Amino acid sequence: MTISDRAPVLVGVGTATQRLDDPTEAKEAVALMAEALAVAADDAGAGGLIDRLDQVRATKGLWSYTDPARWVADAVGATQARSYLADVGIPQTAVMGDAAASIASGSADVVAVVGGEAKYRGLRASITGIDAPDTDQGGAEPDDFVTPHGTIISQAEIDLRLVMATHHYAMIENARRFADGQTIEDHRDTVAGLWARFAQIAAANPDAWFRDGLDAAAIATPDDGNRMLAWPYTKWHNSQWNVDQAAALIFCSAGTARALGISPDRWVFPWAAAESNHMVPVSERPELHRSPGFAHAGRAVGGHTGIAPAEADHVDLYSCFPIAVRTQALELGLDLGRDLTVTGGMTWAGGPLNNYVIQAAAKLAQVLRADPGSTGLLTSISGMITKQGTSVWSTEPPAKPFANIDVTDAVAAELQPKPYRTGDNEQAEVVSYTVIWGREGPERAVAIGEFPDGARTLLVSAAPAVMAAVVAGEFCGRSVIAGADGSFTPTD
């Protein structure tokens, strides 16, 4: 097959990890990104890539840098490269897909994508009382700054302090259990078993942050080292972001790869990417446990590549929480019994904010190189399964030119939000719920209610008897009285 000179190809991947107890000895996040980019350039096996970088793309993290890509570019000697920053809320599939599309169109020829965190360094600084500041860039601005449009969390959710991802994903998880007709015990074992399999994969991944391989019982059982966060999720159901990890990818055109003498055994082709940016807050979704965006994105990449998501040889699903994996598997037609990660996932391999997919892409590229001709499926999520992204990759060139597909309009036509209003001491049915824990125990029960007219409402109770009751048995589908003050009382 003749490969077009403009075909985008991933030629270099690199990661950087540190775990140092003395924060003064640890690199800050931008330095880890620069290290990963240098590793990616070496991974390509040919000189000249850094000198030809048109753009360095960085994804926003938990740090305060204003132009991290410029810092990274200067650190590796790519002073000619434009800097780019994608704000939180821009799916990482979009950052990579747009990079590949710019190469295919000829507007760029060599593009690096980087991301990273040094949250463990910050944690150690806090624990030890040792100052370990980040570089102050003095308000420098990137050449290109991309921000999301729309709202991930509704004002009603913000007003009720439902701002942590754990709270939202726990409610989606409980809605899925009810939709599946599972008992609480069977559901607990299903979720813990899935996460234990992810832990086993991480145990075999030398780049994983946690390699202890916890079993299902340890994951499911709350204790001092595994406290409950939002029922039914314990600490070990959650993405772990206190990590010092960075990753980098270098894309270029096939023509440039040939000109630089990059061996074809380093080449990994992006075949297609698809994303939806239609945003509906969790409390207003008609079915909390479904995600039409993933169904549309999966069909889009499958239709273009001829490879349905379930037919991919290797898979890494975005894995911030178990329900994220379970929802994607449902919409993409993937068997939960197969391996659904190549890294071990965001609890075990590490979940640096807004960067995990870059980490996963680096690992997936290594897996595909070791299995020439195989295909890989990579997904991303932004928000509370709010935005969805899928991409297909292979060491084989695609039968069709790379496609960067936007399915937002199709998803918007299907997924219309429920109206929202407050109650007036009237009856509502519980759509989903959770109990939010603090370090001293349960603090408040939160429920999403639906009135007979179809409108949704958010309700809360801090009554110990109510909190105990809602975790004692299935509370979805129960009838409550929605008070005018936003409280709720079970009717039975």
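Reader: How many residues of β9 are buried?
Author: The model is predicted: local features need pLDDT of at least 70, side-chain atom pairs count only at pLDDT 80 or more, and totals for chains, interfaces and linings use all residues. Residues are numbered from 1 along each chain as its sequence is written, and side-chain values use heavy atoms, with hydrogens and water left out. Buried means under 20% relative accessible area, exposed over 50% and partly exposed in between, with a 1.4 Å probe and protein chains only. β9 is largely enclosed by the rest of the structure, because the buried count is 8 of the 8 residues.

Reader: Which residue in β13 is the bridge partner of A273?
Author: Strands (E, at least two residues) and helices (H or I, at least four) are DSSP runs, numbered from the N terminus. Two strands pair if DSSP finds at least two bridges between them. β9 and β13 meet this in the parallel sense, over 4 bridges. In β13, A273 is bridged to N404.

Reader: Which strands stand at the edges of the open sheet of 5 strands?
Author: Pairing here is mixed, and the order is β10-β11-β12-β9-β13. Each edge strand has a single partner, so one side of each is left without a neighbour in the sheet. These are β10 (314-316) and β13 (403-406).

Reader: At about what angle does α11 run to β11?
Author: Axes are lines fitted to C-alpha atoms, for helices over the stretch in contact, and angles run from 0 to 180 degrees between N-to-C directions. Helix α3 (residues 92-105) lies across β9, β11, β12 and β13, at about 130° to β9. α11 lies across β11 and β12, and its angle to β11 is about 125°.

Reader: How do α7 and α11 pack: roughly parallel or roughly perpendicular?
Author: The axes of α7 (residues 184-203) and α11 (residues 322-332) are 10 Å apart, at an angle of about 95°. Angles under 35 degrees count as roughly parallel, over 145 as roughly antiparallel, 65 to 115 as roughly perpendicular and the rest as oblique. So α7 and α11 are roughly perpendicular.

Reader: Which strands stand at the edges of the open sheet of 6 strands?
Author: The order is β1-β8-β4-β2-β3-β5, with mixed pairing. Strand β3 (residues 82-86) pairs with β5 in the parallel sense over 3 bridges, and Y84 stands opposite D144 in β5. Each edge strand has a single partner, so one side of each lacks a neighbour in the sheet. They are β1 (8-17) and β5 (144-146).

Note on methods. Contact = heavy atoms within 4.5 Å.
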